[in-house]
Amino acid sequence: MTTMERLAVPLDDIPEDRRHVYEAEPLLSARNLGITFGRVVGLDGVSLDLYQGEVLAVIGDNGAGKSTLIKCLTGAYVPETGEIYLAGNQVTFRVPQDARAAGIETVYQQLAVIPALDIASNLYLAREERRKGPLGSVLRMLDKKGMRERAATAVQNLGIQTIQNMGQAVETLSGGQRQSVAVARAAAFGSKVVVLDEPTAALGVKESTSVLNMIKQLRENGLAVILISHNMPHVWEVADRILIQRLGSCAGVITPSSHDMGEGVAIMTGARKLT
Amino acid sequence: MTTTSNAAAEFSRRRLSPAQRIQHLLHAHPWLSPLLILVLTTIVFSALNGRYLAPNAQSLLLQQVAVVACLAIGQTLIILTAGIDLSVGSITILSMMTMASLAANSKVNGGLAILIGIAVAVGAGFLNGILVTKVNLPPFIVTLGTLSIFTAIALLYSGGASIQEDRLPDLINWTGTSIALGPFRFTVGVIMVLLLYGVVGFALTQTAWGRHVFAVGDDPESARLSGVPTKRVLLSVYSAAGLIYGLAAWIQIGRAGAASPNGIVDANLDSITAVVIGGTSLFGGRGGVIGTLLGAVIVGAFTLGLSLAGVDQQWRLLAIGVLIIVAVSLDQWIRRVKA
Ligand SMILES: Nc1ncnc2c1ncn2[C@@H]1O[C@H](COP(=O)(O)OP(=O)(O)OP(=O)(O)O)[C@@H](O)[C@H]1O
Ligand SMILES: [Mg+2]
C-alpha cells in the first residue's frame, strides 16, 4: 500500500510543514475492524492509519460508532473481525491494560474514573508506585506521598486551578473536573498514542482551551493523538486529518484545509458524498 | 500558592454547611460513626453497672466476639467488592470439621490437619470466586447455593457429631489458651484475630491490591477500563476470605472446646451485622476493617452490658436491629456527598 492510499487524502491537502509526519510508517494501523452487538452492527469494517506526531480526529453523529471504534483499538472491546498493527507488528489487545502496556492511553467517553478513590489514586490506578526499600519490595507499601506530588504536577500541567487537593475523592468533583482528571491521566502516561473520546464535552471555555493546547503539545512531543469530538471548531483547530464515521463505517477522510466545517458536517450526516 | 488558587480553595471551603462538614468527615472516615456508637454504649453500660469496664469483663467481651470478628474480616472484603457471602458459616464448619475429623478420627498430625482444614476453606472461597467471575452469577445466589452445599458436605463428612477437645491434639486447641497481659486475659485466638485485622487493614489501605478491591467494588467497568484486572481481584478476595474463615474455624475450636457442626449457626448474619454497623457500604467501594472490628465489638458490648445490667437479652436483638437500620440510612446519606 502506498502512503497516499493509507493517508486516504491527497498529500496536497496536508500543509507543507506537516507533510514530514507522513513520511514514516504509520504507528498504529487498523484493518477492517468489525463488531456486532446482538443484531446491532457497532462497527462495519473500519480501517485507519495513525502517524507519529499527528492528530487524527474522528467525527460522526450519535451512534455512528466512534466510541466503538476506539474501544476496539484500545482493548475495551475485542473486535470480531480485522487486525491491529502497532509499528508494523500485529497486536491483539484482550483487555485495556494490554493497550496501556503498549503505550496507548485512553480517555473513554464514560471517563472510567473511580468515584470513591481520590484523584491521585485514580491517576495511578493499576500502575501504583511502591515505596523504595523493603517497605515497598517486601510489604508492597504504596508511595502515597510521591504519587500525590506527581499527580498534582500532572493536573497543574493541564492548567486546572480549581482542583487543589489530590487526596480529594473524585465523587466530590464536578463533572468537568472529573473529565480533567481523566484527561490528565491519559496525558501523563501516554507514551505512544493518546485517545480522547469527547474530552471537552463537560469543560468550560478555559479548560477546553487547556485540553486543546495539551493535544498540540502531545503532537509536538511526537505522540499520535486520536480525538473524538462533536465540537467542529475544536476539530478544525487541532486535527491534521479527520475521519468521518457514519452508520458504523468510514464515510471518508478529509483535512481541515480540503473541506470546511459545513462540508464535513454534510458528509457526516449523509447530505453529501465524499468525492 | 497563587491568588487564583487561594480563591478557588476559599470558594470550595465556604460552601460547606455544618451538616455537610459531618457528611464529608464520615465520608472520608467511615469508622467514625461506629466509634461514636461504641463510646456511647460504653458510657451507658458502665454507668448502669460499674463492673462493665472491669478488665475481666472486657477480656470476656473480646473472647466472645473473636470468632464473629474474624469471619467479619472476610465478609468485609467481599462486601467491599459489592458482593455478599452467605456461605461464611458453612465454609467455617466445613473447615472446622475437616481439621477435627482428620486429627481425631484419621489420626493426622495436628499441624497438618489445620493446614488441610485451612486449604479446604481457601478452596471453598476460590470456588465461590470462580462462580462469581467465570460463570457470572450474582454473589448472593452463588453463596446461597454453596451455603447448602458446604453444610451438607461438612455434615456428611463428620457424621453430624461434635468432636470434643480431649480427642484433639494440643495444637488444634491452642487457640483457646489464655494469656495474661496485665489485668487482661487474652486467648491466643483473640490475639490472632487482632493481628489479622492489622494485616488485612494494612493490605486494604497501603497496597495496590487494596486500591483495586475498592475500585472493583465501586465501579467495576471503570476499574476494568482503567486497567485493573477485575476478575483476578475478585478471585483473590474470595480466596482470601476463605483463608480467613479457615483461621476462624481453628479459633472457634479453641473457643468452644469442641468442633461442632452446629456451633456457629448465626455466623452469616452476625458477620454481615458487624460489617454494616461498622460503616462498610453494602453497595461496595466504601468502608474498611477498622469499622468492622468496632461493629463486632458493639454487638458484643450489647450482649455483655445488658446481661450485667440484668436486662432481658431480647433488648439486645432490638437494639442491634435499630443499629443496622441507622447504619444503612447513614450510609445512604453519606453516599449523597457532593462537592
Ligand atoms: N456495549 C454495547 N452493547 C450494545 N450496543 C452497543 C454497545 N456499544 C455500542 N453499541 C451500539 O453501537 C452503536 C455505536 O455506538 P457508539 O457508542 O460507538 O456511538 P458513538 O459514535 O460513540 O456515539 P456518541 O456520539 O453518542 O458517543 C450504537 O448503535 C450503540 O447502540
Ligand atoms: Mg461515543
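Donors to a metal are N, O and S atoms within 2.8 Å of it, and water is not among the atoms, so a site may look incomplete. The exercises below use a predicted model.

**Exercise 1.** Find which residues coordinate the magnesium ion (ligand 2), and state where they lie in chain A.

*Solution.*
1. The donors to the magnesium ion are OG of A:Ser67 and OE1 of A:Gln109, at 1.9 to 2.1 Å.
2. A:Ser67 belongs to helix α2 (residues 66-73) of chain A, while A:Gln109 sits in the loop between β6 (104-107) and α4 (119-123), so the pair ties together parts 42 residues apart in sequence.
3. Buried means under 20% relative accessible area. A:Ser67, at 18%, therefore counts as buried.
4. A:Gln109 has 40% relative accessibility and counts as partly exposed.

**Exercise 2.** Describe the contact between chain B and chain A by residues and buried area.

*Solution.*
1. Chain B gives 30 residues to the contact and chain A gives 31 residues.
2. The two chains bury about 2,600 Å² between them, with 58% of it on carbon and sulfur atoms.
3. On the chain B side, the most area is lost by B:Arg211, B:Leu225 and B:Ser226, together 27% of what that side buries.

**Exercise 3.** List the salt bridge and count the polar contacts across this interface, then characterise the chain B side.

*Solution.*
1. The rule finds one salt bridge between the chains. B:Arg286 forms a salt bridge with A:Glu171, with the closest N and O atoms 3.5 Å apart.
2. Eleven residue pairs are in polar contact across the interface.
3. Helix α10(B) supplies the largest share of the chain B side, six residues.
4. By class, that side holds twelve nonpolar, 13 polar and five charged residues.

Note on methods: Residues numbered from 1 in each chain as written. Chains lettered and ligands numbered in written order. Predicted model: local features only at pLDDT ≥ 70, side-chain atom pairs only at ≥ 80, totals over all residues. Heavy atoms only, no water. Donors = N, O, S within 2.8 Å, 3.2 Å for Na, K, Ca; no water. Helix = DSSP H or I, 4+ residues; strand = E, 2+ residues; numbered from the N terminus. Buried < 20%, exposed > 50% of the residue type's maximum accessible area, 1.4 Å probe, protein only. Contact = heavy atoms within 4.5 Å. Buried area = accessible area lost by both parts, 1.4 Å probe. Salt bridge = Lys/Arg side-chain N within 4 Å of Asp/Glu carboxyl O. Polar contact = N/O pair within 3.5 Å; in protein donor to acceptor, adjacent residues only side chain to side chain. Nonpolar A, V, L, I, M, F, W, Y, C, P; charged D, E, K, R; others polar.
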